[in-house]
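This report goes through a few local features of one protein chain. Look at the structure first, then read on.

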Amino acid sequence: MAQQTDLSTFLRSRRAKVRPADIGLTNGHTVRRTQGLRREEVAASAGVSVDYYTRLEQGRERNPSIAVLESLATTLLLEGEERDHLFRLAAHTGNRAQATPPAPRAVRPAVRRLLDTVTPSPAYVLNRWNDMLAANPAGLALLAGLDEWPPARRNTVRYIFLHPTAPTLFEDWGSIAHNAVAHLHAMEGLLPGAPALQTLVDELSEQSQEFRALWQQHDVRSLSTGRKLLNHPNVGRMALTYEVLDITNDHQRLVIYQAPVGTVDHDSMMLLNLVNPSAETTAERPRRRSDQR
């Protein structure tokens, strides 16, 4: 058997999530031992041979055509990001994609000024695998205890699974954790084999049973907006909405939290600006001229 690929693993995970009734098949009177669809059911519905589909799932076939991918996406009920993810994995597996250049860690001065401009709203800059590259004071204080870690370890996914404060900070920790892992899978499709991303996945898989279980589900989701309920140890309970804005050409994202003015949530958010993190709030901040004298 050939070595498993990201494509073959993703196909198996999606097949397990589709019930026969979802695509118009009946179970009959046969006892099913397979979770989800059988390989032969996927093959028949997608219009390919069972042998061909088996080779795809075993990693022995690495160059499916666009037509085959379209059929598989329809059979496995893939839409939106999951469909795009399938096509990206197929391209990378078949060596049809160009290598993605390394994402810069340096945050441009104009983006740093944006962090100051949106104050008092908590805000920070992340790269594709969620390293925190810069933050305003409220942004760092929002993730209580993150300032205890050195800048190089400040990663929001690592925080969710490995920091002892995270499970009590996030009122819906399970949903937050699931979305964080689904986001990493989305990034995996964009950055196949990226050493920093693989190192993070290996670390979290080793140290967190919860992460390992979620990673094996292969769910895919990019985060752009949402709402979080937090029980912050310094300012109390608050509900904040967030927006994720892509920073053009830098493979970075600006995350900004907000609450309506005049609400208790806004008051709690404002109090974050009075929390004094114990370490530098913006990772890799350029040295000021006065510091170089």
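## Aspartate 219 and its partners

The side chains of aspartate 219 and arginine 14 are joined by a polar contact of 3.1 Å. A polar contact here is a pair of N or O atoms within 3.5 Å; within protein, one must be able to donate a hydrogen and the other to accept it, and residues adjacent in sequence count only if both atoms are side-chain atoms. The side chain of aspartate 219 also makes a polar contact with the side chain of histidine 178, at 2.8 Å.

The model is predicted: local features need pLDDT of at least 70, side-chain atom pairs count only at pLDDT 80 or more, and totals for chains, interfaces and linings use all residues. Residues are numbered from 1 along each chain as its sequence is written, and side-chain values use heavy atoms, with hydrogens and water left out.

Aspartate 219 sits in the loop between α12 (209-215) and β3 (225-232). Such labels come from DSSP runs, numbered from the N terminus: helices are H or I with at least four residues, and strands are E with at least two. Is aspartate 219 buried or exposed? Its relative accessible area is 14%, so aspartate 219 is buried. Buried means under 20% relative accessible area, exposed means over 50%, and partly exposed is in between (1.4 Å probe, protein chains only). Not counting residues up to four places away in sequence, aspartate 219 touches Arg14, Lys17, His178, Val181, Ala182 and His185; contact means heavy atoms within 4.5 Å.

## Arginine 158

Arginine 158 belongs to helix α8 (residues 156-162). Arginine 158 counts as buried because its relative accessibility is 9%. Its side chain forms a polar contact of 2.8 Å with the side chain of glutamate 203.

Leaving aside neighbours within four places in sequence, the contacts of arginine 158 are Trp149, Ala152, Arg153, His163, Leu200, Glu203 and Leu204.

## Helix α3 and its neighbours

Helix α3 covers residues 50-58, and its buried residues are Tyr52, Tyr53, Thr54, Leu56, Glu57 and Gln58. They pack against α1 (6-15), α2 and α4. After α3 comes glycine 59, with a positive phi near 80°.

How do α1 and α3 cross? Their axes come within 6 Å and cross at roughly 115°. Axes are lines fitted to C-alpha atoms, for helices over the stretch in contact, and angles run from 0 to 180 degrees between N-to-C directions. α1 and α3 are therefore roughly perpendicular to each other. Angles under 35 degrees count as roughly parallel, over 145 as roughly antiparallel, 65 to 115 as roughly perpendicular and the rest as oblique. Leu7, Ser8, Leu11, Arg12 and Arg15 of α1 meet Tyr53, Leu56, Glu57 and Gln58 of α3. Sorted by class, this contact has 4 nonpolar, 2 polar and 3 charged residues. Ala, Val, Leu, Ile, Met, Phe, Trp, Tyr, Cys and Pro count as nonpolar, Asp, Glu, Lys and Arg as charged, and the others, Gly among them, as polar.

## Helices α2 and α4

Helix α2 (residues 39-46) and helix α4 (residues 66-75) have axes that come within 9 Å and cross at roughly 120°. This angle makes α2 oblique to α4. On the α2 side the contact is made by Val42, Ser45 and Ala46, and on the α4 side by Ser71, Leu72 and Thr75. The contact of α2 with α4 has 3 nonpolar, 3 polar and no charged residues.

## Backbone details

Leucine 77, in the loop between α4 and α5 (80-93), has a positive phi of about 60° although it is not a glycine. With a relative accessible area of 42%, leucine 77 is partly exposed.

Histidine 218 also has a positive phi, near 60°, in a residue other than glycine. Histidine 218 lies in the loop between α12 and β3 and is buried, with a relative accessible area of 14%.

Which residues does a cis peptide bond join? They are threonine 119 and proline 120, with omega about 20°. Proline 120 is placed in the loop between α6 (109-117) and β1 (123-127).
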